[in-house]
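Hi,

Here is the structure you will be working with. Please have a look, then read my notes below.

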Amino acid sequence: MITSTTGPQPADFADVRATNLAVVLRFVREHAPCSRADIAASTGLNKATVSSLVADLIDRRLVRETGLTENRVGRPATMLVLDGSPYAAIGVEINVDTVSAVATDLAGERLLTWRRSFSGGDSVNQGVAGVGAIIRRVVSRMAKEERQVLGLAVAVPGLIDVQGTVRIAPNLGWHDADIGGDLAKALRDPGFPIQVDNDANLGALAEQRFGAHAGASDLVYLTGELGVGAGIILDGRLRRGGRGYSGEIGHVQVDPEGPACHCGRRGCLEAMAGIGAVLRRDPSPAEIQVEVEEVVRLARAGDAETVGNLGAVGRSLGVGVSILANLLNPEVVILGGYYVPLAPWLLPAVHEEVAARVIASEAGGVQVVASTLGYDAAALGGAARVLDSVDSGRLPGGLSRIP
Ligand SMILES: [Zn+2]
């Protein structure tokens, strides 16, 4: 026991305890079912501390005890697993004509997946009102299930600064918008944190936690929407850059003689390998899905012009991917959005360019694959970001706060 008054201040104890609670929670997430002794042996925390931390996590219903197991040396141990049944994490993706919402429990199991049409392009106020209405319904569904919302993270296609302000979302026509603050007002201060992030960043977090390459510490997620952006995870962490604007690979110039880009420059990757290049025109957002399906149908039927164009798009995309591979040496580059249904025709050309352009042998070991997470990857990534906050120590309060 500490009796001295000159020792660490209470805030220090609180910080250390929160950190240790998070360490134990992460251990249980990764190794469940596991015993208190397993936690002590692997984390270096002493057994009494582990018991106290586990009691706290059980009290918060983040962890629960399951039966005894005897298949080990010594006494039978009570095993622990993640609980989290009274909680939900919500992710929302705002796109030009749709809003996707995903809710998961603490273990990442999906509770809800919604996709609604939406017209946010008119004004920020209208957009926030529309998105707010959808979020209110998700929150009320979670309340009916007696779940406390741990947090909400919203994906927006655009430049989002490190404070979460939307600096510019060209396809939505939004700029300098505090979407998080506006949503908090629209939801009448809901009592859970609201974060706003770039869609590619959240797509990358979804892949890191839920994708076919979950756990990869160096991965890049590429959005294949009207825009092309990269979410970059290096050494296990999302890398936003100084002001939050990393990953704008879509505006790296691939061909100085190439077609005009929305940004006013020429031959950007987005102009050469975005969905506009696939469809060979500037599509209206509402038509993209149908038109991409038509391209897939033609490609399957062996239509030479379609297959030839997809090969050209794939080569440009391969140039972009090899820039990423030379610069960042990721283990895997994951193609998301509309690239997924087109992957059978894009990937051969991408692989060829990567093999030819990456200086390291075997292209530095990079794999280029299509996402397995579907169109709501960024929304799922929003839920992943909320779970990341919990795993890093922002724990919900004790059960006394839950009705
Ligand atoms: Zn551009």
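Which residues coordinate the zinc ion, and through which atoms? There are four of them: H251 through ND1, and C261, C263 and C268, each through SG. The distances run from 2.0 to 2.3 Å. Keep in mind that this is a predicted model.

The geometry is tetrahedral, because the angles subtended by the four donor atoms are 105 to 120 degrees. For reference, the ideal angle for four tetrahedral donors is 109.5 degrees. Along the chain, the donors of the zinc ion are spaced as H-x9-C-x1-C-x4-C.

C261 has a relative accessible area of 9%, so C261 is buried. C268 comes out at 1%, so C268 is buried as well. C263 is at 29% relative accessibility and therefore counts as partly exposed; the cut-off for buried is under 20%.

On disulfides: the structure holds zero.

One item comes from a record. An unreviewed UniProt entry lists residues 24-65 as "domain: HTH marR-type". In the model, that span is 69% helix and 12% strand. The C-alpha atoms at the ends of residues 24-65 are 14 Å apart.

Best wishes

Key. Residues are numbered from 1 along each chain as its sequence is written. This is a predicted model: local features need pLDDT of at least 70, side-chain atom pairs count only at pLDDT 80 or more; totals for chains, interfaces and linings use all residues. Side-chain values use heavy atoms; hydrogens and water are left out. Donors are N, O and S atoms within 2.8 Å of the metal (3.2 Å for Na, K and Ca); water is not among the atoms, so sites may look incomplete. Four donors count as tetrahedral if all angles lie between 85 and 135 degrees; four count as square planar and six as octahedral if opposite donors are over 155 degrees apart and all others between 65 and 115; anything else is irregular. Buried means under 20% relative accessible area, exposed over 50%, partly exposed in between (1.4 Å probe, protein chains only). A disulfide is a pair of cysteine sulfur atoms within 2.5 Å. UniProt positions are given in the numbering used here, feature names are shortened, and annotations may be inferred rather than shown by experiment. Helices (H or I, at least four residues) and strands (E, at least two) are DSSP runs, numbered from the N terminus.
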